[in-house]
Amino acid sequence: MRLRGTTRRRAVGATTAAVVGLSVLAGCAGDEGKPTLNWYINPDGQETLNQLAEECSTDEYDIAIQLLPASATDQRTQLARRLAASDSSTDLMSLDPVFVPEFANAGWLSPFEGELADTVLDDDVLEGAAETVVWDDEVVAAPQWANTQVLWYRKSLAEAAGLDMSQPVTWDQIIDAAAENDGTVGVQANRYEAYVVWINALIQGAGGHILDPETVEDGRDAEVTIDSEAGERAAAIIQKLADSSAAQPDFTTSNEGTSLGAMYPDEGAGEFMTNWTFVYKNYEGLIGSSGGPADEQEFEDLGWARYPQTVEGEESRPPIGGIDIGVGAFSDHPEFAQEAAVCVTSPEAQTALAVNEGLMPSRQSVYDSPELAEAYPSDLLTLFSESVDSGGPRPKSAFYSQISNAVQARWHSPRAVDPSTTPQSSAEFLRAVLRGEALL
């Protein structure tokens, strides 16, 4: 790939093996007079991101990795503080898609324009990922990898429960199946962003929304719609799991990592688990190790299916996540930074992230590539891409941080969720927060 103003660009390796032996580039100085672009990344996929930073550096600039905290909330806070202070050293940043509207609305992102915008957001980008980088009719970030959740499960557990996993299954079915067959259901229900991901997916799966999608971009004037039949159905599922023997011991503090070990327990039948795309590579890398499958045969007992339905017969709306690359509006080198953003989100870069790190592409052509065909089962690739393309985004609002925290405040603890009261009380509190009448 050769970009405007670039005199040398090493090809990003397509990769068939994990990148190893790379030193962290954060804080290194470039050649005298040669600018260094700071790229703030989250901890996921560090080895390959280090490689991309090296390979996307050119004769005109170097890219230096700067590591953000593990929590998406803490990542937002650190970047927001820098950008609110017009920090010129924030050149590139890896953003959770839900924070893109806030940063764009505040004028903290440098939009891609003209041919560069067409390159970033061509027809190859899956719809669910493309939606996350557009704000006020501008392309304000570049999709790098697209995350989604699917239902992971032990085939032996589903068979014992008599479930036909080739057909859509509901939350009620998997909770009952796990409870009746010495299994569990793994979710993310700690008081943090991933709990809102679950709540949002449950509500959308019942045909509803936390905020009216027609008014969501109105900011503080958006119509709150969480107090609905869909909200009640979502609350009923959370209540059912909380009251079930299928709930894992750490249910109220569960996160993406805590439920992984329950798939291959020392005792018990395993689990059904909703979780992100990294799970497959995680277990593949743990064969024969503690917390993973004992051997290849046990690994082959791992199954996957579309995210469970909230309402039987109504298509589920899998969560959408991932990482978008934004360019800081106050960067001293915005053109270089945007060229670098195109490079680190290229098909070759996305292939490397998927094969090495289990971070799946935002482009359909990469799902169709021979490298991914070798690294993943074909039906799993199809499930991932279809889930991203048809998934349900969280509210696309410049005030998403307040929205998320308001929902968490009224829906946590999950053991206290009540369909008759929780949706209504959360709606009242969310309206007050948006109007500035209540503090988080």
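A: Asn200 belongs to helix 8, in a model that is predicted. The relative accessible area of Asn200 is 3%, and because buried means under 20%, the residue counts as buried. Between Asn200 and Glu102 there are 98 residues of sequence separation, and their C-alpha atoms are 19 Å apart in space.

Helix 8 (193-205) is one of the elements that give two or more residues to its lining, the others being helix 2 (72-84), strand 6 (142-154), strand 10 (320-327) and helix 13 (347-357). The lining comprises 30 residues, and those nearest the centre of the pocket are Asn42, Asp44, Ala70, Trp145 and Glu256. Sorted by class, 12 of the lining residues are polar, 11 are nonpolar and 7 are charged. Both domains take part: domain 1 (36-147 + 321-390) and domain 2 (150-317 + 398-435) each supply at least three residues to this lining.

The second largest pocket has a volume of about 250 Å³. Its lining consists of 15 residues, with His209, Pro213, Val216, Pro393 and Lys396 closest to the centre. In this lining, 6 residues are nonpolar, 6 are charged and 3 are polar.

Across the whole structure, 4 cavities of 30 Å³ or more are found. The largest cavity holds about 130 Å³ of space. Pro393 and Lys396, already named for the second largest pocket, also line this cavity. By class, the lining has 6 nonpolar residues, 3 charged residues and 1 polar residue.

The second largest cavity has a volume of about 50 Å³. Helix 17 (residues 400-411) provides the largest share of its lining, namely 5 residues. The residues around this space are Thr73, Phe99, Glu193, Tyr400, Ser401, Ser404, Asn405 and Gln408. Here 5 lining residues are polar, 2 are nonpolar and 1 is charged.

The largest nonpolar core contains 74 residues, and within it Phe103, Trp198, Phe272 and Trp411 touch the most other members. Because domain 1 (36-147 + 321-390) and domain 2 (150-317 + 398-435) both contribute residues, this core lies between the two domains. A separate core of 32 residues lies apart from it, with Trp39, Tyr61, Ala142 and Leu359 among its members.

Burial is also found in a loop. Thr90 is placed in the loop between helix 2 and strand 3 (92-95). Its relative accessibility is 0%, so Thr90 falls under the 20% limit and counts as buried. The side chain of Thr90 makes a polar contact of 2.6 Å with the side chain of Asp87.

Most residues other than glycine have a negative phi, and most peptide bonds are trans. The peptide bond from His412 to Ser413, by contrast, is cis, with omega near 15°. Ser413 lies in the loop between helix 17 and helix 18 (422-434).

Asp137 is not a glycine, yet it has a positive phi of about 65°. This residue occupies the loop between strand 4 (134-135) and strand 5 (138-139). With a relative accessible area of 78%, Asp137 is exposed, because exposed means over 50%.

Asp182 likewise has a positive phi, of about 60°, although it is not a glycine. Its place is the loop between helix 7 (171-180) and strand 7 (184-186). Asp182 is exposed too, at a relative accessible area of 58%.

Notes. Residues numbered from 1 in each chain as written. Predicted model: local features only at pLDDT ≥ 70, side-chain atom pairs only at ≥ 80, totals over all residues. Heavy atoms only, no water. 1 Å grid on protein atoms, 1.4 Å probe; cavity = no way out; pocket = protein on both sides within 12 Å on 5 of 7 lines; lining within 4 Å. Helix = DSSP H or I, 4+ residues; strand = E, 2+ residues; numbered from the N terminus. Nonpolar A, V, L, I, M, F, W, Y, C, P; charged D, E, K, R; others polar. Domains from an automatic or database assignment. Points joined across faces, edges and corners; volume = space filled by probe spheres on them. Core = buried A, V, L, I, M, F, W, Y, C linked by side-chain atoms within 4.5 Å. Buried < 20%, exposed > 50% of the residue type's maximum accessible area, 1.4 Å probe, protein only. Polar contact = N/O pair within 3.5 Å; in protein donor to acceptor, adjacent residues only side chain to side chain.
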